Amino acid sequence: MEHISHHDNTSNEEISLKCDTFPVLAESTSCSVKSSTLSVSKEVREHDIPQTDKEERDTVKLVENDSPNPSQLSVELSKRQRKKLLKLENWEKKKKEKRQKEKEKMKAKRLEAIEQGLPVRNGPSRKELKRRKISYADAAIEIVIDLSFDQMMIDKDVAKCVKQLLRIYTLNRRSERPIPLHFVGIEKDGAVERHLARNDGYRHWDVRFSNEHFMQLFKPSSLVYLTSESDNVLDQLEPGCVYVIGGLVDHNQHKGHCYQLAQQNGIRHARLPLAEHLVIKTRTILTINQVFEILLNVHMGKEWQQTLLQVLPARKGVIPKPVEATHSDQTIGKT
């Protein structure tokens, strides 16, 4: 019996020595057999972990903890996601520097043009453009961009959509007859709003932004949703109408969605007269800014055929229809 008790004391002393060898997290200086054994095994596991990546060590420690604090848990990102975030951060830092260099370059070109006696600019100056304000009260027509498709687009396509909105704003701002423009259906804190916020001062654009649906902002009788699936041909712009363009960049994955929206809301719909004025051998899918530019040019008094040939890219291989065929198509459409 004495031999057995002496052996137990020796084991406890050996374990106590082990507790002194490895750092123990417990605040108490005394170490029992059970707690010391757990501490030793835990510390051995930590020493076995390769000391190559700090993030990996932090992750292992969180996994070992029985009840980790949710606030300490970090979302694990893949290598590609980390590179993408780093690239975005670097772009945001360099964006202002890049714009400053562009301004200096434009200033140098302007001084060079003055020295050579060349015209400094073709269009209106920035100050003139800022003084221009669109009269919504006296407008013949209005155009709405429906941006309620956050959940139907991946982030890359949302970025393309916002770039097209920027192009629309620029075209309208520099036009001699700008059209009242509405960007509606923007989801609060959504992807479209996030990408819009990357453009400094976008809230100061001469555009009306809204989180509400277009059905809540305009009379249903005045709305005309533009969709290529419609059987109704838009042969002229009707005064007092509000033309809705779907702000959806989906590479034709949701074909007919805007047409269904128009039917569900019980409003009128129409398509642009592409087949009536052009011979097109490829698909007739247009971007948001192309549809707007067509409407803008027709609003300024240009003919449909001239406008369509000007706006549609050359790669589509479009050719104008003969005048006789154009008139016959329009006659058939009216009968």
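The model is predicted, so local features are taken only at pLDDT of at least 70 and side-chain atom pairs only at pLDDT 80 or more, while totals for chains, interfaces and linings use all residues. Residues are numbered from 1 along each chain as its sequence is written, and side-chain values use heavy atoms, with hydrogens and water left out.

I begin with the interior. In soluble globular proteins, nonpolar side chains tend to be buried together. A nonpolar core here is a set of buried Ala, Val, Leu, Ile, Met, Phe, Trp, Tyr and Cys residues joined through side-chain atoms within 4.5 Å. Buried denotes under 20% relative accessible area, exposed over 50%, and partly exposed the range in between, with a 1.4 Å probe and protein chains only. The largest such core has 62 residues, and Ile-145 and Phe-183 touch the most other members. Which residues does Ile-145 touch, not counting those up to four places away in sequence? Its partners are Leu-165, Ile-168, Leu-181, His-182, Phe-183, Val-184, Ile-245, Gly-247 and Ile-288, where contact means heavy atoms within 4.5 Å.

I turn now to charged pairs. A salt bridge requires a side-chain nitrogen of Lys or Arg within 4 Å of a carboxyl oxygen of Asp or Glu, and by this rule there are five.

One of them joins Arg-203 to Glu-193, with the closest N and O atoms 3.9 Å apart. Glu-193 lies in helix 7 (191–196), and Arg-203, 10 residues away, in the loop between that helix and strand 3 (208–209). Helices (H or I, at least four residues) and strands (E, at least two) are DSSP runs, numbered from the N terminus. Arg-203 is partly exposed at 49% relative accessibility, whereas Glu-193 is buried at 14%.

Another pairs Lys-255 with Glu-229, the closest N and O atoms being 3.5 Å apart. Lys-255 is in the loop between strand 5 (242–246) and helix 9 (257–265), and Glu-229 in the loop between strand 4 (223–226) and strand 5, so the bridge ties together parts 26 residues apart in sequence. Lys-255 is exposed at 57%; Glu-229 is partly exposed at 27%.

Arg-271 and Glu-276 also meet in a salt bridge, at 2.8 Å from N to O, and Glu-276 is buried at 11% relative accessibility.

Finally, the surface. Leu-77, Leu-85, Leu-88 and Trp-91 form a nonpolar patch with about 330 Å² of accessible area together. Patch members have over 30% relative accessible area and no salt bridge; like charges are joined within 9 Å, and nonpolar side chains (Val, Leu, Ile, Met, Phe, Trp, Tyr) within 5 Å. Areas come from the Shrake-Rupley method with a 1.4 Å probe; for residues, only the protein chains shown count as cover. Trp-91 belongs to helix 4 (residues 79–115) and is partly exposed at 35%.
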